[in-house]
Amino acid sequence: MPDAVVIGAGPNGLVAANLLADAGWSVTVLEEQDEAGGAVRHDTGVDPDFVSDVFSSFYPLAAASPIVAGLRLQDHGLRWTHAPHVLAHPLSDGRCAVLDRRIDVTAASLDAFAPGDGAAWRRLDEIWRQVREDLLQALFTPFPPVRAGARLALRLRGAGGLRLARSLLLPVRRMGEEEFRGEGGRLLLAGNALHADLAPEAAGSGGFGWLMSMLGQSYGFPVPVGGSGALTAALVRRLTALGGTVRCGQRVGEILVRDGRAVGVRTEGGEIVPAARAVLADVSVPALYGELVAPEHLPAQLLADLRRFQWDFGTFKVDWALDGPVPWQAEQAARAGTVHLADGVDELTRFAAQIAMRQVPDRPFALFGQMTTSDPSRSPVGTESAWAYTHVPREVAGDAGDEGLTGAWDAKEQEIMADRVERQVERFAPGFRSRIRARRILAPPTLESLDANLRDGAINGGTTALHQQLFFRPLPGAGRPETPVGGLYLASAGAHPGGGVHGAPGANAARAALRRHLPPGRFRMQRVLARRDRGGTKRPHSGRPDGA
C-alpha cells in the first residue's frame, strides 16, 4: 500500500509526488491519459519533422519558482533555452514594443514610442527588484503566507506602500496611462495581463500585467530544449529514481472516504488503490467536489459555494508547421519567442468586451509562439514550428464575425475559427498563410479531451479575477490545500495561487500532507538542505512546512 496516491500526472501532481518521495513516502500517481504531463506535453502530430507543444510552451513562472529550482531538474536532463527577444507586440503601422531580458533593449523600444518611457519602465523594474524575493515567496506559499507576507509588507512600505498597493490593484489600462506617455509600455502591460482572463478594465489586471512583464524582464519566457514534454520527463525521471510510480491510462472515478478520511481511490476500471496516509488531487475543483467525492462527505455550504465557482475563458489553439519564418511587418517580432497580436489597447478592450457579451471575437487577440526561434531543435533549418491561441466564450450567444459560429465547435466551425486566427496573424505578417505546410486545430472540446482539467478549454483552473483569488480561491474560506475530508488535499491550479507552471499548488498540498505526519524538526532540516542544494541563502526557518 503506498503512503500517498496522487490523482493526475500534470506538473502540480508530479511536483507533489516528488516532494512526498523526498520525505521518504511511497507514492503512486494515477493519470487518465496515456502519457504523463497534463498540459505540459509535446508531439509531432502536425508534421513528423516538427515538434509541437500541445498545450503550454513558455515557462516564466517555472524559471522564477523556488519550488522548481529546489527539484534540480537539470540533474534529470532538463535544459532551458530562450529566443533572442522575450516578447514583441507589433502594431499594424509597423511599430513594435519589445520585451527583452536586457533592460536597455526594452527601454530603447519604449522610448521609440515616447521619449522617457524607457526610464518609466526602469522605475517599474526597480520596484520589482525591491519586492521580488518576498513577493514570489508569498505567491508560492499557502494562503495566508504569514511570514513571507510580513516581509513583503515591509518591502512594499519601502517601495511606496499604499501607493504601490493602489497601483497593483489598478486596471491595466489605467496603470499604463499613469506610467507611460506612449503606447509601447501600455501594450506590454496589457498584453501580458490578457494571458489570464482579465480585461484591460478589470481591477487587479494592472498588477498581473506588471508581474508577468517583470518576470519576462528578469527571467525571460524560457522553453525546454526539445519540447515542453522535456519538463514532464525530468519530473517523472526524478520521481521514479526515488521509487515513485506513475501509472497512465488510469482514470480515477471515486475517492474512497471512511470515517471522514480519504483512504484511497477507485479507478473507473474498478481497481481499488489504497492510500495509507494521503490522497492528493491534481484535478479541477468541480471534478473534485462535484464528481470524485460523494456529497455526503462534504459540507452543504461548500456545495452551495461550488455552484458559484467561475471558470476562466475557453481557449482555441492552432498549431502550424511553416515552410519559412513568419514574414512580420515589424522586423523586431521575428526575434521574439512570444508575439502578442492586437492593434492597440482599444482592440484588447474590444476583444474582452465581446467575450463578456458571449460573442466569438471577430478580431481575436492572439498569443503567437515561435518555437523554432526559441529552440532550433524544434524543426528543420529555415522553417518554424509555431502556434497561436486565443480565448472564446465558454457559452456562445453569437458571433461578432458574422460567420455563424455557435460554439458547437464541429469540424466546420473549427475551420472557420482557425481561418479567422490566421487572418489576424496576416494583419501583422502579410503572406503568413503562404508559409503554412500543415496545421492542427485544438478547439475547446479537443483540449478537454486531452486533459480533463481544461474544462471547455479553460487553462487556468478557474478565473484569475480578484473575487476568486487569495482566500477566495477556489471557494470562500478554502484558500489552503486541506479539504473538509481528512487526508485529502487539493493539488491543482484550482488552488492558490492558480494557473501557470510553477508547482506551487502541488508543493503546498504535499507540505500540508507532510505537516500532519512529520515533526517540525524534520521539516526544518529538509528545508535547510533544500536551500543548500539550490545554493540559496540560509535564513532562519520557522519549522512550518509552508515556510510561514
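**A walk through the sheets, rings and loops**

S17 and strand S18, residues 384-392, pair in the antiparallel sense, with four bridges between them. At this pairing, Leu-367 stands opposite Tyr-389 in S18. The model is predicted.

Stay with S17. The strand covers residues 366-370. How many of the five residues of S17 are buried? Five of the five are, so S17 is largely enclosed by the rest of the structure. The cut-off behind this is a relative accessible area under 20%. Ala-366, Phe-368 and Gln-370 point one way from S17. Leu-367 and Gly-369 point the other way. Both sets are buried.

S17 also pairs with strand S15, residues 336-341. Four bridges join S15 and S17, and the two run antiparallel. Here Val-339 stands opposite Phe-368 in S17.

Thr-338 belongs to strand S15 too. Is Thr-338 buried or exposed? Its relative accessibility is 2%, so Thr-338 counts as buried. Which residues does Thr-338 touch, not counting those up to four places away in sequence? They are Phe-58, Val-86, Leu-87, Ala-88, Phe-221 and Phe-368.

Leu-87 leads on to another strand pair. Leu-87 stands opposite Leu-99 in S7. Strand S6 spans residues 85-90. S6 and S7 run antiparallel and are joined by four bridges.

A second sheet has three strands. It is open, its order is S10-S11-S12, and its pairing is antiparallel. The edges are S10, residues 252-258, and S12, residues 272-274, and each pairs on one side only. Neighbouring strands of this sheet are turned by 30° against each other on average, direction ignored. S10 pairs with strand S11, residues 261-267, in the antiparallel sense over six bridges. Within that pairing, Val-252 stands opposite Thr-267 in S11.

Next come the aromatic rings. A ring pair is described by the distance of the centres and the angle of the planes. Two rings count as a pair if their centres lie within 6.5 Å. How many aromatic pairs does this rule give? The count is 13. Take Phe-309 and Trp-311 as one example: the ring centres are 5.4 Å apart and the planes stand at 90°, so this pair is edge-to-face. Phe-309 has 11% relative accessibility and counts as buried. Trp-311 is buried as well, with a relative accessible area of 12%. Phe-368 returns here.

Turn now to a loop. Ala-199 lies between helix H9 (183-193) and helix H10 (205-219). Ala-199 is partly exposed, with a relative accessible area of 23%. Leaving aside neighbours within four places in sequence, Ala-199 is in contact with Leu-194, Ser-205 and Ala-352. Gly-216 comes 17 residues away from Ala-199 along the chain, and the two C-alpha atoms are separated by 20 Å.

Finally, step back to the protein chain. It contains 19 helices and 21 strands. How compact is the chain for its 548 residues? The radius of gyration is 23 Å, close to the 24 Å from the globule rule, so the chain is as compact as a globular protein of that length. Along its principal axes, the C-alpha trace spans about 65 × 55 × 45 Å. Of the 548 residues, 58% count as buried. The chain exposes about 20,400 Å², and carbon and sulfur atoms supply 52% of this area. Look also at contacts between residues at least 6 apart in sequence: 71% of these join residues at least 24 apart.

Note on methods: Residues numbered from 1 in each chain as written. Predicted model: local features only at pLDDT ≥ 70, side-chain atom pairs only at ≥ 80, totals over all residues. Heavy atoms only, no water. Phe/Tyr/Trp six-rings, centres within 6.5 Å; stacked < 30°, edge-to-face > 60°. Buried < 20%, exposed > 50% of the residue type's maximum accessible area, 1.4 Å probe, protein only. Pairing = 2+ DSSP bridges. Rg over C-alpha atoms; globule rule 2.2 N^0.38 Å. Contact = heavy atoms within 4.5 Å. Areas by Shrake-Rupley, 256 points an atom, 1.4 Å probe, with all protein chains shown as cover. Axes fitted to C-alpha atoms, helices over the stretch in contact; angles between N-to-C directions.
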